Amino acid sequence: MATSGISSSPSAYGDLMDDFLYSVEREFDIPVEILWAAWTDPVALEAWYHPTDLSAVPGSVTSDAVDGGLWAVAVDVPDAGFVAYFYGRYTAVFENARLEHTMAYTQSAEEFAARDESAPHQRVRIEFENRDFRSWVKFSQFGELPPGQAVQAQAGMESYFDSLEAYLT
């Protein structure tokens, strides 16, 4: 069973506070090691890293969870007639405690294949904690989005967390 929360204030981590967009957090009745694996193992990510009504494109997920490692996922959005491609590079990895990575977005398969690191991107921080017999995770996004889009992104991430909960149970 998970408990959830949404925040509109950043955690205290240096300059990332300047461009905080949103965060989503939950607790799960599992060890933090299992939660960490769900966020870092490419097979696990492919199984759950998408909104509840969508799915990841088979074979699209990459996750090399080391400083400088690449990550990528493509999410099929058939009702809108496109694939949402996300990719980036891990910038900080502290096992079972914190992941940070860049996140670029495109709807172009060619841009996704090229993984252009100079493309506009946001920054993501995913924090993990043991909490007695539970574990906690918080996803925070930083960067610039058009007005109103952060609220949509936050709602989308809530759906991703719903998929994570279904995967873990």
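Predicted model: local features only at pLDDT ≥ 70, side-chain atom pairs only at ≥ 80, totals over all residues.
Residues are numbered from 1 along each chain as its sequence is written, and side-chain values use heavy atoms, with hydrogens and water left out.

Back to G88. With a relative accessibility of 11%, G88 counts as buried; buried here means under 20% relative accessible area, exposed means over 50%, and partly exposed is in between, using a 1.4 Å probe and protein chains only. Setting aside neighbours within four places in sequence, G88 is in contact with G69, L70, W71 and T102, contact meaning heavy atoms within 4.5 Å. There's also H101, 13 residues from G88 in sequence, with 6.3 Å between the two C-alpha atoms.

Now zoom out. The protein has four helices and nine strands, which are DSSP runs numbered from the N terminus (H or I, at least four residues, for helices; E, at least two, for strands). Going along the sequence, the order is β-β-α-α-β-β-β-β-β-α-β-β-α. The protein has 169 residues, and 48% of them count as buried. Take the contacts between residues at least 6 apart in sequence, and 55% of those join residues at least 24 apart. As for the surface, the protein exposes about 8400 Å², with carbon and sulfur atoms supplying 53% of it; areas come from the Shrake-Rupley method with a 1.4 Å probe, and for residues only the protein chains shown count as cover.

Next, the helices. Two packed helices are described by the angle between their axes and the distance between the axes. Helix α1 (residues 32-40) packs with helix α4 (residues 149-168) at an angle of about 120°, and their axes are 11 Å apart. The axes are lines fitted to C-alpha atoms, for helices over the stretch in contact, and angles run from 0 to 180 degrees between N-to-C directions. That angle makes α1 oblique to α4, since under 35 degrees counts as roughly parallel, over 145 as roughly antiparallel, 65 to 115 as roughly perpendicular and the rest as oblique. On the α1 side, the contact is made by I34, L35, A38 and W39, and on the α4 side by F161, L164, Y167 and L168. These residues divide into eight nonpolar, no polar and no charged; Ala, Val, Leu, Ile, Met, Phe, Trp, Tyr, Cys and Pro count as nonpolar, Asp, Glu, Lys and Arg as charged, and the others, Gly among them, as polar.

A couple of loops are worth a stop. N96 is in the loop between β6 (82-94) and β7 (98-106), and has a positive phi of about 60° although it is not a glycine. R115, in the loop between α3 (109-114) and β8 (121-131), has a positive phi too, near 50°. At 23% relative accessibility, R115 counts as partly exposed. Beyond its neighbours within four places in sequence, R115 is in contact with S60, T62, A72 and Y87.

Last stop: S55, in strand β3 (residues 55-56). At 37% relative accessibility, S55 counts as partly exposed. Leaving out neighbours within four places in sequence, S55 is in contact with H50, A74, V75 and D76.
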